[in-house]
Structure formats: structure tokens, C-alpha cells
Amino acid sequence: MTLNTTIRQNAGAYTLIVIGAFLQALSYVLFLAPYKIVPGGVYGISIVIHHITQGLFPFFPDGLPMGATALCFNIPLLFLAMKKLGLSSGPKTIVTFLLISVFTDTIAYLVGSEPLVENDRFIACFYGGAILGLGVTCVFRAESTSAGSDVLARVIANNTNMKVSNMIIIVDSCVVILGLIVFQDWAVPLYSWFTIFVFGKIVEMFQVENPSRAVFIVSKKTQEMKEMIMDKMKMRGTFLHGRGMYEGKEKDIIFMIAERKDIPRLKNEVKAIDENAFLSTMHASKDSPATGR
């Protein structure tokens, strides 16, 4: 890969991250937070804290800033992800959640706490969820993540037999229930779950592929491939023994499950080690933790 190609790819990725972070911040400040809609995740918790701290601190009379509060959660979650999940998109993830935090507090400072849509919580939660979904989709397209509570869900899922998607629903639902307990308003979880539904459908619409891919790698440099996968990509896999049909020689085939966003980088790393390597991917689901060594 040439230097110019790398620069163009990085420029495109970080442009998507900026757009995605800005859209997410718009959703939180202009649509969700003013109506106490709790869309799960770290920013759902931040919205709750923002409202319950109003008037408590003289230096933050309107409540603790949502972006800064979310940052306090995201930093330890990032370290957890890097330790437990081997987060390969670390630099992009750091930029993503920093930008969301900065954009959120900047927009809140400039426009205040008034909702963009007055006296219509349903419209606010609908458009808030849709804009949030578009922002998250941009971040996914850049092969990044905003850390958040999905990290906790993935860590728990990797140590149980539960699917990651189901664990994310459980974690986000706990955050929504927190909003109900704090605000003592049954409208909060109803509108919040509708927001999560709209957000999920938007992401599904633009992210139609299964996030997990089955990967097969055939190469003569299996030891170098193993070191790259485990040490550099922080992934795991399994050696399958096979025999070439043409030469009849015994060979090892690397099999692994990888997230779709990690596939481009994996392909580049494989080609850097062995230009003649064969790599194939296909749709897959990971119903239980990977145990390949």
C-alpha cells in the first residue's frame, strides 16, 4: 500500500468520524437531553447525571456537562476494551469519543438546554434516534467505535454464552430503568426504548452486513501470520490441517472470527507478510466465545 493511499484512507476515515461525532452530539443536545430521553449507553447515564445535578454546583448551575461526564466513563471503558478485547481501533476510538464529548459540551454551551422541537417529545425521540443512528453508522464506516457501554456488554458476552447483541440490549435497558427510577416518570422508558428502536433500525438499514466474518487464511508463513494475529491484531484463531489438491502437500489453514470493521486492516497485514497468501471471508455469527489458540 502506497503512502498516498494510506493518507487518503485515513483522511476519509477521520472525516467520517468527525461527521459521526457531530451528529451524535446534535442528537443528545438538541433532541434527547432536553426531554430527559435516556438512549442507553454512557450518554444515557450522562443525561441522567446532568439533570439530577442541576443547581448542586455553583460552577455548573445547569448540571454537570454531559460530554465531560461521559468522558469520565469512556476512558476506563477504553482501557477495559484494550485489555479484554484487544481493541485494534484504539486511536480512532479515542478520537471518536473525545470529539463527541467536545461537540456535545460546545453545542450545549452555544444553544443552551432548550429543545429544537418544542412540546413534542415523540418527534424529538424519533429524530433524535434517527440522527444518532446516522452518526453511529458514520463511525462504524470509519472502522471505529465510540467505546461506551457496548464495551462492557462485549466483555460480559465473551465470558458467557450470551450473544453480544442480547447483552447490549440488557445493558442499555438497565440504563433506561435508571432513568425511570431517577425521574419517576413512566414516559421516560417508553420514549427511550422507542429512540433505541429507531436508532437500531437506522444502523441496520445502512449496516446491512453481519458484523462478524469467518476468515480463512492460507499461507506458507503460518508462524508469522500467527504472531501478527495474536500480537498485533490482538485476535485469536485456530489452525486447521489441510492438503493442497494440486501439489498434495500438507498445510495449515488459519480460521478465525473477526468483526467486519477489522477485515480491511487484517487483509493489509496479511499481504504485508505474504503477497501470495490466500484470504477468504464469509458471513458468520459468533454464538459463544472464541477459544482458538
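Phe57 sits in the loop that joins two helices, α2 (41-52) and α3 (66-84). The model shown here is predicted. Phe57 is partly exposed, because its relative accessible area is 31%, while buried means under 20% and exposed means over 50%. Phe57 also belongs to a nonpolar patch on the surface.

Now step back to the whole chain. It has 10 helices and 4 strands. Read from the N terminus, the order of elements is α-α-α-α-α-α-α-α-β-α-β-β-α-β. The chain holds 293 residues, and 43% of them count as buried. It exposes about 15800 Å². Carbon and sulfur atoms supply 63% of that area. Among contacts with a separation of 6 or more, 76% are between residues 24 or more positions apart.

Next, look inside. The largest nonpolar core has 23 residues. Within this core, Tyr28, Leu30, Leu32 and Ile107 touch the most other members. Five helices each supply at least two of the core residues: α1, α2, α3, α4 (90-111) and α5 (121-141). Helix α1 gives the most, with 8 residues. Take Ile107 as an example. Leaving aside residues up to four places away in sequence, Ile107 touches Phe22, Ala25, Leu26, Val29, Leu30 and Gly112. There is also a second, separate core, made of 14 residues. Ile229, Met235, Ile254 and Ile263 are among them.

Is Ser27 buried or exposed? Ser27 is buried, because its relative accessible area is 0%. What does its side chain meet there? A polar atom of the Ser27 side chain lies 2.6 Å from the backbone oxygen of Gly128. Gly128 is also one of the residues that Ser27 touches, along with Leu32, Ile131 and Leu132. That list does not count residues up to four places away in sequence.

Ser27 is buried, at 0%, and its side chain has a polar atom 2.6 Å from the backbone oxygen of Gly128.

Methods
Residues are numbered from 1 along each chain as its sequence is written. This is a predicted model: local features need pLDDT of at least 70, side-chain atom pairs count only at pLDDT 80 or more; totals for chains, interfaces and linings use all residues. Side-chain values use heavy atoms; hydrogens and water are left out. Patches are made of residues with over 30% relative accessible area and no salt bridge: like charges are joined within 9 Å, nonpolar side chains (Val, Leu, Ile, Met, Phe, Trp, Tyr) within 5 Å. Accessible areas come from the Shrake-Rupley method with a 1.4 Å probe; for residues, only the protein chains shown count as cover. A salt bridge is a side-chain nitrogen of Lys or Arg within 4 Å of a carboxyl oxygen of Asp or Glu. Buried means under 20% relative accessible area, exposed over 50%, partly exposed in between (1.4 Å probe, protein chains only). A polar contact is a pair of N or O atoms within 3.5 Å; within protein, one must be able to donate a hydrogen and the other to accept it, and residues adjacent in sequence count only if both atoms are side-chain atoms. Contact means heavy atoms within 4.5 Å. A nonpolar core is a set of buried Ala, Val, Leu, Ile, Met, Phe, Trp, Tyr and Cys residues joined through side-chain atoms within 4.5 Å.
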